[in-house]
Amino acid sequence: MITILFCKVLKVVKCFLPFYLFIFLPFSARAQIGDYRTDFAIGGSAGYMLSNVGFMPEVPQGMLGGLTGGLTLRYTSEKYFNSICAIVAEVNLAQTGWKEDIKDADRQRVYYKDDTQKLYPLSYERKMTYLQIPLMARMGWGRERKGFQFFFQVGPQIGMFLGESTSTNVVSGKETMTARTSQVVAQDTMAVENKFDYGIAGGIGLEFSHRKLGHFLIEGRYYYGLGNVYGNSKSDYFGRSNFGQIVIKASYLFDLVRTKNDKIK
């Protein structure tokens, strides 16, 4: 199992290696005209995630809410003209999954009656916990030590499945008041098949820095999965089952190593 996981991680690294060469080699080549940095900061983050899964055949969905948070590491290497160049690594626990939008032909919710004749809307949601590790190239513009800085960051992300839970009142064969439009229900009883996930994460944000207090950040991020939750061969039910995730998060970082340069603002 460990060998298989290592091979998958190595495959992702090889896939995204040209991306990092494209981002960082130009800065290395022009280091003579850039202002170098050796800043290293560490801290934590916490946020809220909205998730769904891109099924094919399509499964009507809303967005499933969940929490995310973990450790953040940042190494700032250079300021090239007005661009502050850094690399950011994170290790996060994330609650992701999907929430089905069960409607009838008139786009109304589908209800069933219980034994007391009370009406309840059909619902189904699958919550999955992942260990997510993004590694992103970051560009910032603004103040580094005291004031505000706008930043953009993008890069690959890998994830390891840790567990899942299901919340539903859907019962096979139970009569409903109206018929549901989508008859794609195979995912409701299928366990996760691919426990390794990978894709692209990118976001923008704002950072406020203080020489003594550290760095306070808020960011909006989107993750597009390139892997699939279920198998996607010709013999499998789904041709695609990849994650889409929107994250709003806040972070705090403090400097462990700081470049000694009084000109840095």
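Two residues are in contact when their heavy atoms lie within 4.5 Å of each other. In this predicted model, residues 24 or more positions apart account for 76% of the contacts in the protein chain with a separation of 6 or more.

**Overall architecture**

- Read along the sequence, the pattern of the protein chain is α-β-β-β-β-β-β-β-β-β-β-β.
- The accessible surface of the protein chain comes to about 14700 Å², and carbon and sulfur atoms contribute 63% of that surface.

- Cysteine 85 belongs to strand β4, which covers residues 83–100.
- The relative accessible area of cysteine 85 is 2%, so this residue counts as buried, the cut-off being under 20%.
- In sequence, cysteine 85 and methionine 139 are 54 residues apart, yet their C-alpha atoms are 5.0 Å apart in space.

**Salt bridges between strands**

- Side chains of opposite charge can pair when their charged atoms come close.
- The count of salt bridges in the model comes to 13.
- One of them joins arginine 126 to glutamate 164, with the closest N and O atoms 2.9 Å apart.
- This pair links distant parts of the chain, since arginine 126 lies in strand β7 (residues 124–142) and glutamate 164 in strand β8 (residues 147–168), 38 residues apart.
- Arginine 126 is buried because its relative accessibility is 2%, whereas glutamate 164 is partly exposed, with a relative accessible area of 36%.
- Glutamate 207 and arginine 138 also meet through their side chains in a salt bridge, at 2.5 Å from N to O.
- Here too the pair links distant parts of the chain: glutamate 207 is in strand β9 (residues 196–210) and arginine 138 is in strand β7, 69 residues apart.
- Glutamate 207 has a relative accessible area of 1% and is therefore buried; arginine 138, with a relative accessible area of 4%, is buried as well.

- Aspartate 255 and arginine 258 form a salt bridge in which the closest N and O atoms are 3.1 Å apart.
- Aspartate 255 is partly exposed, with a relative accessible area of 25%, and arginine 258 is partly exposed at 32% relative accessibility.

Terms used: Residues numbered from 1 in each chain as written. Predicted model: local features only at pLDDT ≥ 70, side-chain atom pairs only at ≥ 80, totals over all residues. Heavy atoms only, no water. Helix = DSSP H or I, 4+ residues; strand = E, 2+ residues; numbered from the N terminus. Areas by Shrake-Rupley, 256 points an atom, 1.4 Å probe, with all protein chains shown as cover. Buried < 20%, exposed > 50% of the residue type's maximum accessible area, 1.4 Å probe, protein only. Salt bridge = Lys/Arg side-chain N within 4 Å of Asp/Glu carboxyl O.
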